[in-house]
Amino acid sequence: MANNVRIRSSLVSAALLIALSACGHGSADAADLLQRVKTSGILRVAQTQANPPWNFLDGGKPAGYDVDVANELAKRLGIAKVEFVASNYQSFIAGVQAGRFDAVISGQTITPERAKQVDFSRPYQVNGISIFVADTNSAIGGLTDLQGKKIAVTAGTTQAAFAKKSVADADIKTYDNATLGLTEVARGRADAVLVSRFQGAFLAAKNNLKVKTAGPLLESEVNGISFAKGSASFKQAVDKALGAMIADGTLAAISRKWLGGLDMTQELAKVPAN
């Protein structure tokens, strides 16, 4: 009996040491993220690749505001190559935590709940939620008119969370991307879609969808680059590079290219750095 007790005690102790070692290794991985990506020469960046003008595929190649930011950021960090990984809002956090990619640069809004699970850079873009309706619809002019209506949103986004929280008795329909939601509205299969102001306007024009905005912005969104918790050196380097891109006009040039002449640095000046 005594031998069995000692054996069980030894096994428990060994298991505890393994668990503690694993926890320490995970922390080290996060702390060494900057060095690891510099050594590999590759920064793996997750994007939806279906969120124009922020990020999308153009002739099979990644393009958009987020793509240009990612490439410029990698250059300033001394990383030779960006490897873009297709993902979605529902999988971004789990993917970062599992190490499937190093960072998310895909218009991800900084929220308290997300900040508990991943670390964020300083803000690199500002957006806002707009209501889009069919261009013949005169019944919806703002948030209060959405009560009880059929509303399209993209799954896993802050727009989807906003609709659930702020619109009473809404019939919320989720889609894989904003193009599908806008198309449902244009075809009369949904009353409205909640989508970012720039994305909605870009997609409507690109796909010749007969929709329009209704009312003012519902909520402003401040977006950041996310990565694994505890990546202090990586965050410091990313924040420094973003600050330099803002100061030297690079970010302004990228935003004017993709956002209809908008200078994103002016928008960012209105919000505190993270």
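Here is a short tour of a predicted model, stop by stop.

Before you click, know that residues are numbered from 1 along each chain as its sequence is written, and that side-chain values use heavy atoms, without hydrogens or water. Because the model is predicted, local features need pLDDT of at least 70 and side-chain atom pairs count only at pLDDT 80 or more, while totals for chains, interfaces and linings use all residues.

Select β2 (50-51), β3 (residues 55-58) and β4 (61-63); strands here are DSSP runs of E with at least two residues, and helices are runs of H or I with at least four, numbered from the N terminus. You'll see an open sheet in the order β2-β3-β4, with antiparallel pairing (two strands pair if DSSP finds at least two bridges between them). β2 and β4 are the edges, each pairing on one side only. Between β3 and β4 there are three bridges; one to find is D58 with K61 of β4.

**Stop three: two helices.** Now select α3 (residues 65-77) and α9 (residues 232-247), whose axes come within 10 Å and cross at roughly 110°. Axes are lines fitted to C-alpha atoms over the stretch in contact, with angles from 0 to 180 degrees between N-to-C directions. Show V69 and L73 of α3 with F234 and A241 of α9, which are among the contact residues (heavy atoms within 4.5 Å).
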